[in-house]
Every structure is written in C-alpha cells, then in structure tokens.
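Hello,

Here is the structure I said I would pass on. My notes follow below it.

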Amino acid sequence: MTGEYMTTLTDTPHRYGLITRILHWGMALLFAAQFLSAAAHWALPRENATRDLLWSYHYPLGATLFLLVLLRGAWGLANLPRRPAHTGDLFGRAAVAGHVAIYALMVIVPFTRLLAAAGSDRGFSYFGWQIFAPRETEIAWMQAPAELHGEMGWVLALLILGHIAMAVIWHRLIRRDEVLHRMAG
Ligand code: HEM
Ligand code: HEM
C-alpha cells in the first residue's frame, strides 16, 4: 500500500478521507430513512400499512446507527490531528460546537431507547440475536430517559437541517469556499 493511497483513506488538513466520507454520506442516507420512519410514526394513523412498513425497521436501523456513530466518533478522534481545521473566530467555533452537538445527539437519542430496552420486560433482539433478555419487572430509572427520545430525535433533525443549510447555502452559494468540497469534492 503506497503512502498516497493511505492519505486518501485517512483525513488530511485539506480534505476528509475516504473512510470519513463513507461514514458521513452513508449515515446521512441511513438517518434520512430513520427520520422517514419517525415521521410516518408521528403523522400517519395507527393501523396504516405504510406506517407499519416504515416503522418495521426503526429499531434495527436505530441500533445500527448507534454502532456506526461510535465507530465514526473513534475514527474522527483518531484523525483529529490531521483533519481540516476550523478557524478560531466565532464562525469556526460555532461550526465545531454544532458538530459536537450533532455527535452528542447521535449517541444520546438511540442510547435512551436501548437503555429502556435493557431494563424492559420485553428484552431486545438485533437481527435475531438476543442482546437483552426480558426482565421479570421493568426497571423504572432505565425507562425514564426514553420519554425524551422522540423530542430529542426531532431536535437532532432540526440541527441536521441547519447543518445542510450552512453547507449548501452559506458555504457553497454565499461564501463560495472549499468547505463543501472537502467532504464532497
Ligand atoms: C439515531 C437513531 C434514532 C433516531 C434518529 C430516532 C428518532 C425517533 C423520533 C424522531 C421519534 C419520534 C416519532 C414520533 O414523534 O412519533 C422516535 C420514536 C421512537 N423510537 Fe426512535 N430513533 C432512533 C433510534 C431508536 C432505537 C434504537 C429504538 C429502539 C431500540 C427506537 C425506538 C423508538 C420508539 C419505541 C419510539 C416511539 C416512542 C417515542 O417517541 O419515544 N428508536 N424515534
Ligand atoms: C445533504 C446533506 C449534508 C451535507 C451537504 C453535509 C455537508 C457537510 C460538510 C461540507 C461537512 C464538512 C464541514 C467542515 O469541515 O466544517 C460536514 C461535516 C459533518 N457532517 Fe454533514 N452534511 C450533510 C448531512 C449530514 C447528516 C445527515 C449528518 C448527521 C446525521 C451530518 C453530520 C456531520 C458531522 C457530525 C460533521 C463533522 C465531521 C465528521 O465528523 O463527520 N451531516 N457535513
């Protein structure tokens, strides 16, 4: 493996590498599907075939996204010293704060529901593999944070919409800088 090939896999100060891009764009698609299932759950009446179909993958896809965000976070930290840097001014610091907030919610949102499943009387299986066995009695403190799962999920959706607007409208159309290119170009 040549050094040049390595730099396309890992991040460099000028552009995000292949692994970061696959994680970013692959997870963007998966999040779109996850929010579609959440939107159908919220908007469509019960006993609706489309709602059932879209809801049928919410748990397994949500658990998959939880695993992927841990992987992505570890990869991001490993690449931190050579990633494209942000400016030290207010804009650069706001961008970093926005990314950190998105990361935090990408972990917390699925975690609250997985924690509830771990303390539930139904247990939890992932593609037929039992992760949490059903309990005789539910554990109340493990259920409590999940009451905010949906609300926090919608906050994450708003942050992502703001993120997309910043990338496309601010960076691409107004500033015409290289920020979109270092993830997409
Ligand atoms: C990153 C992953 C996830 C996102 C973005 C997400 C997002 C959402 C959103 C926005 C809602 C609200 C839907 C509504 O208003 O009707 C919701 C509901 C729900 N989700 Fe998720 N979810 C994720 C992962 C999971 C996981 C892993 C589980 C189960 C193990 C789960 C179980 C549920 C359940 C039971 C509801 C309905 C009750 C409630 O609103 O809390 N979700 N999800
Ligand atoms: C059309 C959709 C999207 C566009 C155009 C877009 C664009 C970008 C761009 C240009 C960057 C680099 C920003 C920089 O270096 O300052 C970036 C980074 C980032 N994006 Fe997106 N993005 C999209 C969707 C998403 C979604 C759906 C999520 C979360 C679920 C997300 C989360 C992140 C995060 C956390 C970063 C920081 C870098 C990292 O660790 O991956 N993006 N995005």
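Which protein donors does the iron atom of ligand 1 have, and how far from it do they lie? This is a predicted model, and in it the donors from the protein are His58 and His149, each through NE2, at 2.0 Å from the iron atom. The site is octahedral, with six donor atoms and angles among them of 86 to 178°. His58 belongs to helix 4 (residues 58-78) and His149 to helix 7, so the pair ties together parts that are 91 residues apart in sequence. Both histidines are buried.

Next, the aromatic residues. The count of aromatic pairs comes to nine. Trp42 and Trp154 make an edge-to-face pair, because their planes stand at 65°, with the ring centres 6.5 Å apart, and planes over 60 degrees apart count as edge-to-face. This pair links distant parts of the chain: Trp42 is in helix 2 (residues 18-43) and Trp154 in helix 7, 112 residues apart. Trp42 is exposed at 67% relative accessible area, whereas Trp154, at 36%, is partly exposed. Together with Phe31 and Phe35, these two tryptophans form one aromatic cluster.

Trp55 and Tyr59 also form an edge-to-face pair, with 6.4 Å from centre to centre and 80° between the planes. Trp55 is partly exposed at 26% relative accessibility, and Tyr59 is partly exposed at 47%.

Last, the surface. Leu158, Leu161, Ile164, Val168, Ile169, Leu173 and Ile174 form a nonpolar patch there, with about 690 Å² of accessible area together. Of these, Leu161 sits in helix 7 (residues 149-175) and counts as exposed, at 56% relative accessibility.

Regards

How values were computed. Residues numbered from 1 in each chain as written. Chains lettered and ligands numbered in written order. Predicted model: local features only at pLDDT ≥ 70, side-chain atom pairs only at ≥ 80, totals over all residues. Heavy atoms only, no water. Patch = residues over 30% accessible without salt bridge, like charges linked within 9 Å, V, L, I, M, F, W, Y side chains within 5 Å. Areas by Shrake-Rupley, 256 points an atom, 1.4 Å probe, with all protein chains shown as cover. Salt bridge = Lys/Arg side-chain N within 4 Å of Asp/Glu carboxyl O. Helix = DSSP H or I, 4+ residues; strand = E, 2+ residues; numbered from the N terminus. Buried < 20%, exposed > 50% of the residue type's maximum accessible area, 1.4 Å probe, protein only. Donors = N, O, S within 2.8 Å, 3.2 Å for Na, K, Ca; no water. Tetrahedral: all angles 85-135°; square planar, octahedral: opposite > 155°, others 65-115°. Phe/Tyr/Trp six-rings, centres within 6.5 Å; stacked < 30°, edge-to-face > 60°.
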